[in-house]
Amino acid sequence: MIKRMNRPVWFLIPYWTLFFVFVVVPVLAAIVLSFTYFNSIQIPTFIGIKNYIQLITTDVVFMQNVLPNTLKFALIVGPVGYTLSFMLAWMLAHIPPRPRTILAIIFYSPSLTAGVAMAAMWRVIFSGDANGYLNALLLNFNLIVEPIQWLQEPQYLLTIMIVVSLWSSIGVGFLAMLAGILNIDKTLYEAAYIDGIRNRFQEIIYVTIPSMKPQMIFGAVMAVVGSFQAGYIGVALSGTNPTPDNAGQLIVNHIEDFGFARYMMGYAASISVVLLVLVYFISKVTWSVLGERD
Amino acid sequence: MKKKKKINKFFGQKINPERFNKTQLPFFFILVPFSVLMLLPIIFIVNQAFKPQSELFAYPPRFFVSQPTFDNFVELLRVISASGVPFSRYLFNSLVVTIIGVFLAILFTSLAAYALSKMKFKGKKLLFELNTIALMFVPIAVQIPRYIIVAQSGLIDSYAAHILPVITMPVAMFLVKQFVDQIPNDYIEAAKIDGASEMQIFIHIIIPIIKPALATVGILAFQMIWNDTSTSTLFINDESKRALAFFLSTLTGSANTVAGQGIAAAASLILFLPNLILFIILQRKVMSTMAYSGLK
């Protein structure tokens with residue numbers, strides 16, 4: 001049997017069947033459903049672009065909270081996490097292998113924690129009473145007079161979500177960039193210094209980044225996708241969906257809220273489509289910006 | 001003269017040094033404190049997990065445990081068995097699902113990656129392009145259609161519902177394909193002349209070479225499946241078929257009471273440690289795969 005397996009089909013079928021069933025079909029289904037009214041019991045009825053109109057014109061929560069929150073969250077977590085990953089990788093590349101490995105494992109380990117389980121820990125740290133670790137610390141140094149409800153007060157929730165997400169943002173992209181830097185041909189540096197590069201900053205701009213551009217792009221795409229994907233965190237921290245005053249509401253939570261709590265599946269699908277388009281568009285822009293400077 | 005000095009300075013702090021020298025100190029001064037900062041939450045869970053009740057209740061709260069006990073782990077087991085489904089059942093479910101899932105992810109991904117890299121067929125470019133677009137795909141956005149598909153295909157309450165939706169990982173497929181690209185075609189041609197089939201070549205020549213990439217797929221799949229709570233939430237109604245991560249997250253979700261904190265920490269630690277241990281074992285292989293991770 002194995003001796004006669006020569007056709008590509010043998011190799012392609014398993015992966016691509018699952019790919020079509022669980023990636024392509026759901027995306028197409030989401031697009032189709034987004035043009036329907038569907039309450040998960042009756043058969044979907046076609047209603048044109050009504051869902052999208054409703055999303056833009058009458059969904060106050062979406063336009064005033066969800067979209068701004070998501071953009072703010074992603075535009076901070078994405079770029080900051082990405083820059084941090086690059087800088088850590090670059091510094092790690094300058095120290096010997098053994099300490100480098102140990103430190104790389106430490107930096108990567110937060111992204112190994114299961115988000116939901118970890119949220120319980122954050123809730124203890126940011127707990128609203130005087131027993132919360134952050135409150136106790138601040139009270140101890142007389143920085144605050146009375147405990148703050150970190151996770152229930154709208155003004156703090158999004159910031160805490162950003163901090164927590166940044167903590168676990170050193171992921172696959174970081175590993176890719178570290179490997180990229182380590183594999184740069186050393187003679188390139190020598191040549192560059194002979195050609196008149198003067199300092200470390202120029203070295204990064206003219207040698208390091210151009211030589212590892214493919215890894216930089218990979219890391220950037222991972223950062224964009226990761227920052228839009230993180231949705232559970234606000235709900236897990238505050239313990240409610242919607243989050244208090246919708247302060248930590250992200251697109252992902254909005255989809256869940258409408259799809260699984262209110263059974264407005266068609267409407268939820270239109271939000272999904274918006275999210276997919278948004279991530280695709282921002283990834284592509286990032287990609288072309290990074291890929292251009294040749 | 002001046003130029004020579006510059007070059008010497010450069011050689012003193014080159015990338016990827018073999019041993020320590022003084023010029024590396026500034027990097028250590030930044031990296032080490034930062035790593036401590038990153039580790040704090042993890043050190044916190046470890047301490048929290050081993051604190052006795054009295055220390056969990058203590059005011060002001062103390063970061064480090066002073067009299068470590070296994071009380072929280074014992075209590076965790078007690079709470080779980082009180083729920084009607086024994087701990088071993090959740091653990092068994094998670095182990096079965098994770099082991100089968102990781103194996104299938106490695107097999108399916110590497111088969112497809114080999115075909116896309118080394119075989120000739122129509123639509124090859126299109127498929128790779130599709131996979132690259134899927135790198136930007138956000139699975140959580142299509143939960144609803146996925147739920148409908150799983151429900152329609154009768155997979156609700158089956159182990160397959162834990163596995164099949166999550167093992168297609170475009171990132172993993174991309175990494176393995178890039179890795180296979182590095183293998184010289186001569187190896188394959190030579191084997192073909194000896195009469196080997198594509199599948200024999202894949203099994204006997206390709207697999208041994210791409211082991212690091214397979215380890216990487218394995219660890220990505222492991223993290224994905226072991227930590228996953230969404231398949232248990234969406235696709236499983238039968239409590240005895242749910243995964244450990246899901247159950248522990250329901251415990252930690254209700255951990256507002258101080259007494260619950262210890263259990264939550266113990267649960268988090270149980271979930272986290274296998275990820276960490278596996279990564280430490282496989283990190284060298286992961287790094288060598290990542291060298292080929294570039295997007296152009």
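**Ground rules.** This is a predicted model, where local features need pLDDT of at least 70 and side-chain atom pairs count only at pLDDT 80 or more, while totals for chains, interfaces and linings use all residues. Residues are numbered from 1 along each chain as its sequence is written, and chains are lettered from A and ligands numbered from 1 in the order in which they are written.

**Chain A overall.** I began with helices and strands, and found 14 helices and 2 strands in chain A. These are DSSP runs numbered from the N terminus (helices are H or I with at least four residues, strands E with at least two). The C-alpha trace of chain A spans about 75 × 70 × 40 Å along its principal axes. Of its 294 residues, 49% count as buried. A residue is buried if 20 or more other C-beta atoms lie within 10 Å of its own, exposed if 12 or fewer, and partly exposed in between, with C-beta atoms placed from the backbone.

**Where the chains touch.** I looked up the contact next: 84 residues come from chain A and 88 residues from chain B. Two residues are in contact if their C-beta atoms, placed from the backbone, lie within 7 Å. On chain A's side, helix α1 (residues 8–33) gives the largest share, 18 residues. By class, I noted 66 nonpolar, 15 polar and 3 charged residues on that side. Here Ala, Val, Leu, Ile, Met, Phe, Trp, Tyr, Cys and Pro count as nonpolar, Asp, Glu, Lys and Arg as charged, and the others, Gly among them, as polar.

**The core.** The largest nonpolar core has 167 residues, and those touching the most other members include Leu175(A), Leu178(A) and Ala221(B). Such a core is a set of buried Ala, Val, Leu, Ile, Met, Phe, Trp, Tyr and Cys residues joined through C-beta atoms within 7 Å. Helix α5 (residues 87–118) of chain B gives the most to this core, with 12 residues. I followed up Ala221(B): leaving aside neighbours within four places in sequence, its contacts include Gly101(B), Val102(B) and Ala105(B).

**Loops.** What joins Asn241(A) and Pro242(A)? I found a cis peptide bond, with omega about 0°. Pro242(A) lies in the loop between α12 (232–238) and α13 of chain A, and Asn246(A) has its place in the loop between α12 and α13 too. Phi of Asn246(A) is positive, near 60°, though the residue is not glycine. Is Asn246(A) buried or exposed? It is buried, with 21 other C-beta atoms within 10 Å.

I then turned to Asp157(B), in the loop between α7 and α8 of chain B. Phi of Asp157(B) is also positive, near 65°. With 14 C-beta neighbours inside 10 Å, Asp157(B) counts as partly exposed.
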